[in-house]
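Here are my notes for you, as numbered points. Keep the structure open while you read, and look up each residue as it comes along.

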Amino acid sequence: MSLWVVGRCDIMGLFSPLSWEILQHAPCCDKLYTCRLCHDNNEDHQLDRFKVKEVQCINCEKIQHAQQTCEECSTLFGEYYCSICHLFDKDKKQYHCENCGICRIGPKEDFFHCLKCNLCLAMNLQGKHKCIENVSRQNCPICLEDIHTSRVVAHVLPCGHLLHRTCYEEMLKEGYRCPLCMHSALDMTRYWRQLDDEVAQTPMPSEYQNMTVDILCNDCNGRSTVQFHILGMKCNICDSYNTAQAGGCRISLGQQ
């Protein structure tokens, strides 16, 4: 039987041990690794954390069933231990979510599990977010990496789609729209009012002043016909400028 070393990987819901006090048996390949992530980065397969059954204490070398404290020398393997995920960690108010199937960083009372989204979310989003079924089981549309078990916190967009928070922050440097549905990723009301002023102060040349265009709004999905303007076309339904041209420009009848 070979064992693998549990390392110091801070990761929500994955191995994130308190110290180097134990080795854990990796039944898939019988090799030594500092953590599950190190194993996955060096092998052509992933370690199933739920199949880890035995550990070895570094101090006394006692091989034993996975548990929080060494049965031989009482060495503490982790301030927090989950017997399902086999997560050894410093105390971060973790809790195991049965619906997520992994451990989450708490405290538990600050989160609820949305059954439709299939993800633990902050209590302030309860009843205030748009649900998309199993949205957490999709990869982040920015980096294309897993969201559900990621060490990076997920950010819920107003449209209901999820991004890694770091990806969301990077996205805002280049744009403001969800990469999946093009809905505004944050409240743009203040910016739309500024754009109103810019449009009012920038009259179009006379040959374009009577020109209209059909638009589709990415925020409300409504269609409307509005006056063409180079700075943007404002939705007549929700006042958003997050719109796309849905037809060719034309001169208004009666004004040709």
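1. Let's start with the surface. The protein exposes about 14100 Å², and carbon and sulfur atoms supply 48% of that. Accessible areas here come from the Shrake-Rupley method with a 1.4 Å probe, and for residues only the protein chains shown count as cover. Keep in mind that this is a predicted model: local features need pLDDT of at least 70, side-chain atom pairs count only at pLDDT 80 or more, and totals for chains, interfaces and linings use all residues. Residues are numbered from 1 along each chain as its sequence is written, and side-chain values use heavy atoms, with hydrogens and water left out.

2. Now the overall picture. The secondary structure comes to three helices and 16 strands; helices (H or I, at least four residues) and strands (E, at least two) are DSSP runs, numbered from the N terminus. Of the 256 residues, 44% are buried. Buried means under 20% relative accessible area, exposed means over 50%, and partly exposed is in between (1.4 Å probe, protein chains only). Among contacts with a separation of 6 or more, 40% are between residues 24 or more positions apart, where contact means heavy atoms within 4.5 Å.

3. Strands E3 (residues 54-57) and E4 (residues 63-65) run antiparallel and are joined by three bridges; two strands pair if DSSP finds at least two bridges between them. Val55 has Gln64 in E4 as its bridge partner. Five residues sit between E3 and E4, and Glu61 in that turn has a positive phi of about 65°.

4. The turn between E9 and E10 has four residues, and Asn118 in it has a positive phi of about 60°.

5. Which residues touch the most other members of the largest nonpolar core? They are Leu121, Leu157, Leu162, Leu163 and Tyr168, out of 19 residues in that core. A nonpolar core is a set of buried Ala, Val, Leu, Ile, Met, Phe, Trp, Tyr and Cys residues joined through side-chain atoms within 4.5 Å. E9, E10, strand E12 (162-164) and helix H2 (165-171) each give two or more residues to this core, and H2 gives the most, with three. Leaving aside neighbours within four places in sequence, Leu157 is in contact with Leu163, Tyr168, Cys178 and Ala185. Apart from this core lies another one of ten residues, including Tyr95, Cys97, Cys100 and Cys120.

6. Next, the aromatic rings. The whole structure holds seven aromatic pairs. Rings of Phe, Tyr and Trp (its six-membered ring) pair if their centres lie within 6.5 Å; planes under 30 degrees apart count as stacked, over 60 as edge-to-face and the rest as tilted. Tyr191 and Trp192 have ring centres 5.6 Å apart and planes at 55°, so this pair is tilted. Trp192 and Tyr241 are tilted as well, because their planes are at 50°, with centres 5.8 Å apart. Trp192 lies in helix H3 (residues 189-200) and Tyr241 in the loop between strand E14 (223-227) and strand E15 (243-245), so the pair ties together parts that are 49 residues apart in sequence.

7. Tyr191, at 40%, counts as partly exposed. Together with Tyr176, these residues (Tyr191, Trp192 and Tyr241) form one aromatic cluster.

8. Finally, the charges. A search of the whole structure finds five salt bridges, each a side-chain nitrogen of Lys or Arg within 4 Å of a carboxyl oxygen of Asp or Glu. In the one between Asp89 and Lys92, the closest N and O atoms are 3.6 Å apart. Asp89 is buried, with a relative accessible area of 2%, while Lys92 is partly exposed at 23%. For Glu170 and Lys173 the closest N and O atoms are 2.9 Å apart; Glu170 is partly exposed at 46% and Lys173 is exposed at 60%. Also look for Arg193, Asp196 and Lys234, which are linked in a network of salt bridges.
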